[in-house]
Amino acid sequence: MRETNMKKILISLLFLLFGTSAYADCNIKSGSINILANDFPALRTFVETAKGCKGSADFKVTHSSEHNKIAVPALTANPSEFSARIAANSSIVPLMNQDLIRPLDDLVKKYGKGIQDSQLITIDGKIMAVAFMANTQHLYYREDVLKELGIAVPKTYEEVVAASEKIRASGKMQYPYAAAYKAGWNLAEEFVNMYIGHGGEFFKAGTAQPSINNAKGVATLNMLKKLAGLSNPDYLTHDSEAIKVEWESGNVALMTLWASRSGTLLDDDGDAKITAATKLTGPATVAGGNIPAATLWWDGFTLAKNRSDADAEATFRALAHAAANKKMVADAADQAVWLIEGFKPGPKSIGVIEAVKMKAKPYPMLPQMGLMHGALGSEIVEFLQGKESAEQALKDVEAAYMSKAKEQGFL
Amino acid sequence: MPNKTFFWFFLPTGLAMILFIGLPIISTGIQSFYAQHDQVVKEVKKCDPFGCTVSIVVDQEKTSKIREEKPLGKFNGFGTYVDRNHLAIEEIGNFWNETNSFGEFVDQVTNLPFYKALIFTLTYCLFVTPNVLLLGFIIALSLNAVTRRIRGPLIFGTILPMIVTPLVGSLVLFWMIDAEGIIGANLQMLMDDPYLSLKSSKTLTWITIIIYGIWHHSPFAFVVFYAALQTVPQEPVEAAIIDGASRWQRVRHIVLPHIYPVVTFVALISLMDNFRVFEPIIGFSAEGSAQSLSWLIYDNLVNEEVILFGSAAATSMMTIVGIAILLAPVLIRTWKEFRTAR
């Protein structure tokens with residue numbers, strides 16, 4: 001534990017040194033920069049790189065896994081607490097709904113040298129965010145366990161179930177499968193993935209009316225329940241961090257987890273034998289579908305609307321420097337699938353690259369999706385616990401969503 | 001105390017209470033009657049690294065105009081109170097007509113989020129409050145009988161659960177009852193059931209949270225009872241001993257009547273506290289199996305990317321009403337006693 005901390009301190013020190021000496025060329029003279037971001041290694045690297053070119057501007061950053069809870073209130077204030085927010089497909093939506101972020105067209109034109117067109121998130125012709133990395137949830141497997149039992153690497157969730165049952169039957173592991181099924185956001189995300197894998201649509205076309213209470217929804221729930229039955233019985237309390245720990249203790253042989261976590265899974269901490277046998281593969285499909293039961297995500301930066309233009313400019317220049325930084329991409333190629341020019345995908349990027357190749361769908365960027373996600377997270381729990389039928393659970397989700405959507409004025 | 005003196009004495013507290021408690025409650029009450037304006041959406045082209053799609057966004061130009069005119073939102077009356085996520089009046093009516101047996105009806109109603117939360121909250125209050133009173137009283141009595149020399153450290157040890165931050169206390173227990181934790185793993189061995197999990201079973205989660213609640217709140221009752229015990233006059237106790245009263249009789253007929261007002265006080269405070277149960281649900285990650293009214297408010301405010309102010313405000317108001325109803329019998333009784341005493 002202490003060793004890793006020391007390592008972290010050393011790395012950040014190195015970054016600091018790097019920053020001040022190597023990239024002193026941004027020439028930002030004034031303004032104050034304050035960034036809100038999620039907390040995982042790639043984002044820390046990204047923000048540190050931006051810090052490297054802060055010039056004489058003030059620089060503050062808040063890395064928090066609770067970023068979603070802070071973002072809207074903090075950006076609603078005028079002036080806003082943060083000048084930039086690192087957002088993703090889902091978290092940009094509430095910012096758009098409340099009109100809290102500014103278009104970046106002028107800044108991109110002026111300071112966006114090196115940013116590729118594919119990195120630009122445009123909505124209604126206006127650039128609202130600049131993406132720098134991609135993410136998805138995909139399969140991880142223990143090569144040694146699968147080989148020993150003669151199991152091929154699963155490509156579908158049906159194969160995942162069969163493989164897990166075989167591993168359990170062999171007596172090697174009691175709970176061979178893991179995924180972040182923690183009630184709330186995580187569980188809802190698993191439903192979204194599986195439902196999209198079944199080819200489902202969340203809303204009636206062109207409206208905010210829910211449409212998940214159908215055969216695809218039922219099939220999705222049944223598959224989730226099968227997988228839950230092969231997981232640690234405490235699955236409803238397990239988030240990504242908890243299943244990572246399960247994996248590192250060698251309790252799990254198959255797992256669905258974020259690509260952005262592969263770095264910490266494959267680092268030198270923990271049992272070397274498990275690390276060596278940990279292999280990555282693309283996301284699984286389900287029910288004979290072609291597209292994977294996974295969603296594609298981008299992480300990118302947005303600028304607060306309620307902040308002075310000078311601050312916005314300073315923030316943009318610093319972040320744009322990182323979002324077009326070939327050196328960062330080369331140094332931290334292991335940490336993420338960067339969307340930045342010059343990125344050479346390594347073995348840890350297999351998951352995302354496979355997902356893109358298999359034509360995975362991006363997470364739906366709809367104004368009312370957050371309400372659906374929230375309703376899913378609490379209403380499908382009782383089905384997994386065996387307390388109600390799949391149809392009832394889906395009916396509950398729709399009803400809970402409808403009340404919330406009415407209150408928010410979507411229906 | 002003359003009324004005038006009392007007035008000046010109470011003024012600062014009164015002002016602070018109005019400012020920090022009264023006004024926020026009024027503002028919450030007002031908010032609970034409003035909902036968001038109808039969202040004006042438009043179809044636009046969205047492009048990201050994975051391609052372009054035609055999709056919808058909120059039309060900011062039109063929305064901001066409506067918002068400026070009426071910043072509070074759309075007046076909704078009791079709309080939020082009676083919707084499906086709160087009192088669900090309409091849904092309950094439908095269940096009544098559709099279901100065949102009373103059991104089925106109750107099942108349907110308790111499946112609604114508000115009633116689910118209400119039932120957990122009431123169960124928690126019902127089990128924790130009396131047990132806290134009982135346990136606190138027993139500990140106070142026993143400690144009062146211990147020699148003075150070791151009483152200090154014992155008292156300190158007893159109030160530790162109250163000193164430990166609720167979140168930390170529940171987290172420690174959470175790890176212990178994990179399927180791999182010391183209590184969880186041993187229970188599995190004892191019961192010879194490898195699938196036994198305290199966290200996945202609803203009943204066991206409830207029991208865990210209730211036991212935690214008793215553990216956490218007893219010290220408060222103990223401290224107050226212990227202080228009250230110090231004021232019990234010794235003469236009647238000694239007289240009772242001479243008359244041959246047993247220990248139980250002494251407690252029943254002398255000590256309890258003497259500290260009765262304090263018992264009422266502790267009961268009131270603990271009822272209020274327990275009705276607002278929240279931290280253990282977060283600490284135990286028990287959202288899946290146990291939701292309380294306070295947790296519903298929290299969920300509306302932070303758990304989704306959209307903040308549901310109206311919902312949260314409505315649940316807050318109903319929590320206040322709930323506490324008032326729970327406390328009413330005790331308050332009325334105290335008031336009556338006060339009147340007769342005068």
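**Entry 1**

I looked up what Val72(A) touches, and leaving aside residues up to four places away in sequence I found Pro94(A), Gln98(A) and Ile307(B); here two residues are in contact if their C-beta atoms, placed from the backbone, lie within 7 Å. The model is a predicted one, in which local features need pLDDT of at least 70, side-chain atom pairs count only at pLDDT 80 or more, and totals for chains, interfaces and linings use all residues. I number residues from 1 along each chain as its sequence is written, and chains are lettered from A and ligands numbered from 1 in the order in which they are written.

Val72(A) sits in helix 3 of chain A, residues 67-76; helices (H or I, at least four residues) and strands (E, at least two) are DSSP runs, numbered from the N terminus. I noted that Val72(A) and Pro94(A) are 22 residues apart along the chain, while 7.2 Å separate their C-alpha atoms. Val72(A) counts as partly exposed because 19 other C-beta atoms lie within 10 Å; a residue is buried if 20 or more other C-beta atoms lie within 10 Å of its own, exposed if 12 or fewer, and partly exposed in between, with C-beta atoms placed from the backbone.

**Entry 2: Backbone details**

I then went through some backbone angles, and found that a cis peptide bond, with omega about 0°, joins Asn78(A) and Pro79(A). Pro79(A) belongs to the loop between helix 3 and strand 3 (84-88) of chain A.

Asp99(A) is not a glycine, and yet its phi is positive, at about 60°. I located Asp99(A) in the loop between helix 4 and helix 5 (105-111) of chain A, and it is partly exposed because it has 16 C-beta neighbours inside 10 Å.

In chain B, Ser285(B) has a positive phi of about 45° although it is not a glycine. Its place is the loop between helix 13 (279-283) and helix 14 (293-303) of chain B, and Ser285(B) is buried because 22 other C-beta atoms lie within 10 Å.

**Entry 3: Chain A as a whole**

I counted 18 helices and twelve strands in chain A, and buried residues make up 55% of its 411 residues. For a compact globule of 411 residues the radius of gyration would be near 22 Å, and chain A agrees because it has 22 Å; this radius is taken over C-alpha atoms, and the globule rule is 2.2 Å times the number of residues to the power 0.38. Along the principal axes, the C-alpha atoms of chain A fill a box of roughly 65 × 55 × 35 Å.

**Entry 4: Two helices that cross**

I looked at helix 8 (residues 185-197) and helix 16 (residues 369-379) of chain A, whose axes come within 7 Å and cross at roughly 105°. Axes are lines fitted to C-alpha atoms, for helices over the stretch in contact, and angles run from 0 to 180 degrees between N-to-C directions. Helix 8 and helix 16 of chain A are therefore roughly perpendicular to each other, a term for angles of 65 to 115 degrees. Trp185(A) and Phe191(A) are among the residues of helix 8 that meet helix 16 of chain A, where His373(A) is one of the partners.

**Entry 5: Domains of chain A**

Chain A is divided into domain 1 (6-134 + 296-344) and domain 2 (137-293 + 360-407), with bounds that come from an automatic or database domain assignment. I found the centres of domain 1 and domain 2 of chain A, taken over C-alpha atoms, to be 30 Å apart. Their contact takes 14 residues from domain 1 and twelve residues from domain 2 of chain A.

**Entry 6: Where chain B touches chain A**

How many residues does the contact take from chain B and from chain A? I noted 46 residues from chain B and 49 residues from chain A. Strand 2 of chain B gives the most to the side of chain B that touches chain A, with six residues. This side of chain B divides into 17 nonpolar, 16 polar and 13 charged residues, where Ala, Val, Leu, Ile, Met, Phe, Trp, Tyr, Cys and Pro count as nonpolar, Asp, Glu, Lys and Arg as charged, and the others, Gly among them, as polar.

Terms used
Angles under 35 degrees count as roughly parallel, over 145 as roughly antiparallel, 65 to 115 as roughly perpendicular and the rest as oblique.
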